[in-house]
Amino acid sequence: MFINTEADLDQSLLRNRTFDDLTIGESASLVRVIGRDDIDLFATVSGDVNPAHLDPVFASTDIFGHVVAHGMWTGALVSAVLGTKLPGPGTIYLEQDLRFRKPVSPGDTITVTVTVREKRPEKRIVVLDTCGANQRGEEVFNGSATVIAPDRAVEWPRAKLPDVALVRRDRYEHFLNEARALPVLMAAIVHPCSPDAILAAVEIRNEGLLEPLLVGPEAKIRAAAEEAGVSLDGITIEAVEHSHAAAARAVELAAGGRVAALMKGSLHSDELLGAVVAENSGLRTDRRVSHVYAMSVPAYSKPLVVTDAAINIQPNLDHKRDICQNAVDFLYTLGVAEPLVAVLAAVETVNPRMPSTLDAAALTVMAARGQIMGARVDGPLAFDNAINSDAARTKGIISPVAGQADILLVPDLEAGNMLAKQLIYFGGADAAGLVLGARVPIILTSRADSLRTRIASAALAKLVALRWSRGAKPA
């Protein structure tokens with residue numbers, strides 16, 4: 001919907017200006033904040049799916065380095081002012097010229113103004129200067145419009161537009177296609193002794209993503225495959241006695257370079273991660289390991305990372321720095337040049353009685369001082385301010401992150417787990433789960449995960465593993 005001035009929003013009627021009433025120099029304006037939904041809706045309606053407007057990875061290599069709005073989106077705003085304000089209802093649009101001066105980016109506030117320049121009485125022709133400026137006062141376009149002005153005054157009820165929601169079924173399709181096109185990597189499936197774990201291994205193989213190496217008790221693995229009704233022909237089994245030995249052997253295989261990723265089977269996460277972070281595992285780094293949910297949320301305009309919802313129960317400030325850096329490096333690996341990190345709390349102001357707000361403020365300063373690299377970090381931010389520009393603007397929050405976060409850094413595991421599961425079950429989100437901070441990515445799956453989620457997790461792990469192998473490994 002259009003965002004006009006407060007006075008405009010109070011009007012239930014559209015009123016026009018007739019040709020005779022119009023005066024030279026008279027003007028009207030409209031203000032609009034552009035979000036990713038606006039860009040995607042315009043692409044849907046117009047058919048203009050230029051990746052410079054839609055694909056952050058492609059756009060990062062373009063002249064502006066980020067996604068920009070369609071030029072004609074601003075042209076549509078000119079039409080809106082002419083048709084609803086000046087001259088208003090009854091106006092016939094004849095001609096428009098536009099000169100684009102600066103790109104319009106998601107989050108920009110655009111003010112479009114039309115000004116009467118000339119009146120031609122013979123056919124009620126009116127020529128208006130048109131221009132648009134962003135929130136910094138920079139002109140993003142200018143031009144002129146020629147219209148036939150109405151000959152009679154009109155008051156007409158403002159139309160009530162339908163609510164429109166974009167449903168994005170899979171924002172990871174680009175990554176899935178990229179992963180499928182790359183050489184298959186070997187992944188150790190650790191203790192796959194349940195039908196679900198075996199099915200997950202077969203699925204990622206059939207998708208051309210990862211070649212599974214099954215590590216665990218051979219008899220139990222074959223029994224699980226028989227119960228699942230799948231064949232293990234062509235799949236290698238690395239036989240060990242029990243789950244603890246499976247974790248240790250899988251870590252050994254990863255440290256030796258035989259496998260590029262690990263995938264949790266039917267053992268407990270603590271057992272696998274304990275082997276990964278053991279003193280002499282060969283996979284341990286200077287970073288604390290942490291979990292990310294890479295989420296595709298239908299109601300949000302881009303992929304969203306929630307961290308940490310599965311490993312670090314009550315992280316301290318140092319832990320949160322590592323958790324943040326792991327997530328930032330993950331998105332950077334996927335092509336997001338400078339991820340936007342919102343450090344969440346219940347409120348957006350620092351409160352000494354709320355430790356999460358103190359940590360959030362400290363992390364913001366740490367990022368500014370180079371202790372967190374490659375991201376724009378801001379906090380404390382409440383959830384609504386982090387993901388909704390209107391909420392942030394209502395509270396007067398001026399932030400490079402508010403309303404458009406790529407990463408939500410939660411205060412503790414309980415908050416992260418509840419947030420992620422609410423997005424999954426109430427918001428219809430898909431959530432691929434990975435563990436980062438070790439020398440190989442680790443796929444964490446759940447029996448409740450959908451096939452899309454398991455495949456997305458494997459695809460992301462494959463991309464991360466390949467890019468780490470080319471030198472972008474964690475410290």
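Which residue in strand 16 is the bridge partner of Val 341? The partner is Ile 407. The model is predicted.

## The sheet

Strand 14 (residues 340-344) and strand 16 (residues 407-409) run in the parallel sense, joined over three bridges.

## Nonpolar cores

The largest nonpolar core has 60 residues. Leu 214, Phe 330 and Leu 460 have the most contacts inside it. Helix 16 (residues 451-469) supplies the largest share of this core, with eleven residues.

Leaving aside residues up to four places away in sequence, Phe 330 touches Val 292, Ala 294, Val 305, Leu 434, Leu 436, Leu 460 and Val 464. Another core, of 28 residues, lies apart from the largest one. Among its members are Ile 39, Val 112, Val 147 and Ala 149.

## Helix 6

Three residues of helix 6 (residues 173-181) are listed here as buried: Phe 175, Leu 176 and Ala 179. They cover an arc of only 100 degrees around the axis, which puts them on the same side of helix 6. An α-helix has 3.6 residues a turn, so residues three or four places apart point the same way. The buried residues of helix 6 pack against helix 4 (56-59) and helix 16.

## Salt bridges

The model has 22 salt bridges. Side chains of opposite charge can pair when their charged atoms come close. One of the bridges joins Asp 406 and Lys 302, at 2.9 Å from N to O. Asp 406 sits in the loop between helix 14 (389-394) and strand 16, while Lys 302 sits in the loop between strand 12 (290-296) and strand 13 (304-307). The pair therefore ties together parts that are 104 residues apart in sequence. Are these two side chains buried or exposed? Both Asp 406 and Lys 302 are buried.

A network of salt bridges with shared partners joins Glu 238, Arg 249, Glu 252 and Arg 258. Within it, the side chains of Arg 249 and Glu 252 meet at 3.3 Å, N to O. Both residues lie in helix 9, three residues apart, about one turn of the helix. Arg 249 counts as partly exposed because its relative accessibility is 21%. Glu 252 is also partly exposed, at 48% relative accessible area.

Arg 99 forms a salt bridge with Asp 97. Their closest N and O atoms are 3.0 Å apart. Arg 99 is partly exposed at 39% relative accessibility, and Asp 97 is partly exposed at 27%.

Definitions and conventions:
Residues are numbered from 1 along each chain as its sequence is written. This is a predicted model: local features need pLDDT of at least 70, side-chain atom pairs count only at pLDDT 80 or more; totals for chains, interfaces and linings use all residues. Side-chain values use heavy atoms; hydrogens and water are left out. Two strands pair if DSSP finds at least two bridges between them. Helices (H or I, at least four residues) and strands (E, at least two) are DSSP runs, numbered from the N terminus. A nonpolar core is a set of buried Ala, Val, Leu, Ile, Met, Phe, Trp, Tyr and Cys residues joined through side-chain atoms within 4.5 Å. Buried means under 20% relative accessible area, exposed over 50%, partly exposed in between (1.4 Å probe, protein chains only). Contact means heavy atoms within 4.5 Å. A salt bridge is a side-chain nitrogen of Lys or Arg within 4 Å of a carboxyl oxygen of Asp or Glu. The arc is that of the directions from the helix axis to the C-beta atoms.
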